[in-house]
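Here's a quick tour of one model, strand pairing to begin with. Have the sequence and the 3D view open as you read.

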Amino acid sequence: MKLSEKLIKLRKEKGLSQEEFGNQINVSRQAVSKWENEEAKPDINKLKEIVKKFNVNYNYLLNDEIENKEETTKTVETKHKKVLKPILIVLSIYLLICTYKFIAMYQFYLIASSFSEENYKITQEIKKSSNTLSRITTTKIGNKILQESYSPENKEPIKDKNENTLPYNIEYTDTDKKISYWLNYDKDKNMYIYHDRKKEMTNNKEKEELFKNKNIIKENTLNIIPSGFKEIFIASIDPRYYYVSIQNRQIRNYSFANNVETKIQLNKDYLIENINHKIKDNGETATFHYDYDYVQDHFKEMQDPQEKYNDKILYNEK
């Protein structure tokens, strides 16, 4: 249907003469007559007036293939539906994935935060590609915590007279006796240098934190996985957390800023087992592997390292 025919139809539907129709849009009867006889066409300003006064749209007036106003509405609705349908499908899938990720990570958090063993041993190995950079063991028995660091990168292992490997660094804390110190190996002197950690504390709050009875296994796990409702919710809607598996107890995420992909593997008790940091640019992988022993019968009284290495300690502090 042509524009001229649509104008006639529109005018007659409203029961208007050509003069009355013209008055509605501020033109003469002669102008309306010319439009209807296809001797002229309304300019853009008059089309705006027609659209506004008679509640039609440009698509209906200017598209000869559209026969009536209802078709225009249906066409617009159909187009909207075609656009909205895939958006709604994608949004629904995204919400399902987010819900699954939230459930999985919240389950990991609840189980890990319930870990409460008093005595345990952690062995942490740090590897870059296939090379072991260092090994750290942390043992907690009651109120005593002992951390020993072995074979730092580019350093030869320390051996005693029986060829047993000794730690390069020792950190010991007794929360009951308020004792905390470092023993750092000096290769030139072939001695451990003693450092009192309390002397490095600047205020009482730091000292309180130093002697707080901590569960390091639980703290390490909760520091590396999303913890608490807010943090888990944010992680679940963050597309960088693109993979979470309840069955395999895995979380993967990607840092666009550092170009690093991280995979966190939890063990059967939902404690950290492996953390893999893969740098995308050069393909290198840094792996932090954790082994635990928290069978309570395995632990006896812990010896103070000052007694164990008494002949190899140099006290240079006043």
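Strand β1 (residues 120-128) and strand β13 (residues 285-293) run antiparallel, with eight bridges joining them. Strands here are DSSP E runs of at least two residues, helices are H or I runs of at least four, and both are numbered from the N terminus; two strands pair if DSSP finds at least two bridges between them. This is a predicted model, where local features need pLDDT of at least 70, side-chain atom pairs count only at pLDDT 80 or more, and totals for chains, interfaces and linings use all residues. Residues are numbered from 1 along each chain as its sequence is written, and side-chain values use heavy atoms, leaving out hydrogens and water.

β13 also pairs with β12, antiparallel again, through five bridges. Here are the two strand pairs:

| Strand pair | Bridges | Direction |
|---|---|---|
| β1 and β13 | eight | antiparallel |
| β12 and β13 | five | antiparallel |

Now look at N276, in strand β12 (residues 272-279). N276 is buried, with a relative accessible area of 18% (buried means under 20%, exposed over 50%, partly exposed in between, with a 1.4 Å probe and protein chains only). Leaving aside residues up to four places away in sequence, N276 touches E261, T262, K263, T285, A286 and T287, where contact means heavy atoms within 4.5 Å.

Over in helix α1 (residues 3-13), the buried residues are L3, S4, K6, L7, L10 and R11. They span an arc of only 160 degrees around the axis, so they sit on the same side of α1; the arc is taken from the directions from the helix axis to the C-beta atoms. Just after α1, G15 has a positive phi of about 70 degrees.
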